[in-house]
Amino acid sequence: MASFEVIGGNPLKGEIIPQGAKNEALQILCAVLLTSEPVTISNIPDIRDVNKLIELLRDMGVKVGKLATDTYRFQADDVHLDYLDMPEFVAQGRALRGSVMILGPMLARFGKCQLPKPGGDKIGRRPLDTHFVGLEKLGGKLTLEGTDFYRIHADGKLKGTYMMLDEASVTGTANIVMAAVLAEGTTTIYNAACEPYLQQLCKMLVRMGAKINGIGSNLLTIEGVDSLGGTEHRMLPDMIEIGSFIGLAAMTGSEITIKDCQIPELGIIPDTFRKLGIQLEFRGDDIHIPAQDHYEIATYLDGSILTVSDHTWPGFTPDLLSIVLVVATQAKGTVLIHQKMFESRLFFVDKLIDMGAQIILCDPHRATVIGLDKRTQLHGITMTSPDIRAGVALLIAALSADGRSVIENVEQIDRGYQYIDKRLNALGAQIRRL
């Protein structure tokens, strides 16, 4: 296992460009399976999870050509269906949560797919029911082997239908949309996810010849077509990285400009950080965070304690709650963090408490943070990254702390953040990979 040695307490300064969006990449890359024509995708992040998915597609027979550092051309004109029976495929599928999104495209185009239960962060229960129920409504027939291997096939072409999703799952919606675009007739999806990444997928599919109405809303209507063509697509910058850099700047008292943010796609993310007292300045499509020695958490109009919680889009993304929590430890004031979607994502707070933070873990879903108002620095410790988002929150804490910290298991961070140590060192951080 690799580790980061971090020497904290140094303000950073400079400009940083966010990587392409990881959560978009996992959907967009699976969509190349829907056509035999070339699909060119740019702004692909060079991170572990995305690279593993590209490797999986290549091993399935998709032709993959690297045109530039962040640009690839894919052509799925000779997909090897027999590879799905190989033990190598089973190992790849288990290692990557995003592999679940090959199900919809493969079922729609080839009439079958199979997959082991995919891996990913250990952040609580992440059932796949929404995926399979939706695909079954379209005509897929699911067989479960044991407790963790799924086979799905269709007798003939998928058929459009009405469905209301039991949850507005982003990956579940993506899987169902990718299947429905090649189904016969009309598919109506109510309670669909509408995150910018899902909108990007829908817009790409439309350019490929799909007929999708309601993009950006939670009601999608899809008229199936016989086939899709090729296209070019550029991915959005990663909103989670952007939020992480905002939190990092505030926590370390740094002056940072985040370039090319696609601000209209960030929803309430900037305003949520402003509620923590963080100053943000929009300069065109850049976000400038000035150095701040002090930031104060807002209260409600009646003076009661602010609550920050996750919601389906356009609410606040759950992937940034860990960042909000760590940033609040050095604010003036108190905030309740309510993680509704996952029951294990707050369990990293014991490391922050060991560093000197004042946090009460109320239950698996809620934590109360009492800010130190930068009167007392956190102090460095040795800790382990439990998942991608908590790992970066701990990295931000270490960069603000007094002294030396060691973060173990940074492969978790590498799964979601591109060369994060090198990019932050360019701003003046002291991070050494061990």
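**A tour of selected sites**

A search of the whole structure finds zero disulfides, a disulfide being a pair of cysteine sulfur atoms within 2.5 Å. The model is predicted: local features need pLDDT of at least 70, side-chain atom pairs count only at pLDDT 80 or more, and totals for chains, interfaces and linings use all residues. Residues are numbered from 1 along each chain as its sequence is written, and side-chain values use heavy atoms, with hydrogens and water left out.

Remain with the cysteines. Cysteine 202 has a relative accessible area of 0% and is therefore buried (buried means under 20% relative accessible area, exposed over 50%, partly exposed in between, with a 1.4 Å probe and protein chains only). Select cysteine 261 next: its relative accessibility is 1%, so cysteine 261 also counts as buried.

Proceed to lysine 22, which lies in helix α1 (residues 22-31). Helices (H or I, at least four residues) and strands (E, at least two) are DSSP runs, numbered from the N terminus. Is this lysine buried or exposed? With a relative accessible area of 7%, lysine 22 is buried. Leaving aside residues up to four places away in sequence, lysine 22 touches Pro45, Ile47, Asp49, Val50, Asp238, Ile388, Arg389, Arg415 and Gly416; contact means heavy atoms within 4.5 Å.

Now select proline 290, in the loop between β16 (286-289) and β17 (306-309). Proline 290 counts as partly exposed because its relative accessibility is 22%. Its contacts, again not counting residues up to four places away in sequence, are Ser254, Glu255 and Gln279. Leucine 280 is 10 residues from proline 290 in sequence, and their C-alpha atoms are 7.4 Å apart.

The whole structure contains three cavities of 30 Å³ or more. On a 1 Å grid over the protein atoms alone, a cavity is a set of points where a 1.4 Å probe fits but cannot get out, and lining residues have an atom within 4 Å of a point. The largest cavity has a volume of about 60 Å³. To display its lining, select Ser244, Phe245, Leu248, Val392, Leu395, Ile396, Leu399, Ile420 and Leu424. Which helix gives the most to this lining? That helix is α12, with four residues. Helices α8 (239-252), α12 (388-400) and α14 (420-425) each supply at least two residues. The lining comprises eight nonpolar residues, one polar and no charged.

Conventions:
On a 1 Å grid over the protein atoms alone, a cavity is a set of points where a 1.4 Å probe fits but cannot get out, and a pocket is an open set with protein on both sides within 12 Å along at least five of seven lines; lining residues have an atom within 4 Å of a point. Grid points are joined across faces, edges and corners, and a volume is the space filled by probe spheres set on the points. Ala, Val, Leu, Ile, Met, Phe, Trp, Tyr, Cys and Pro count as nonpolar, Asp, Glu, Lys and Arg as charged, and the others, Gly among them, as polar.
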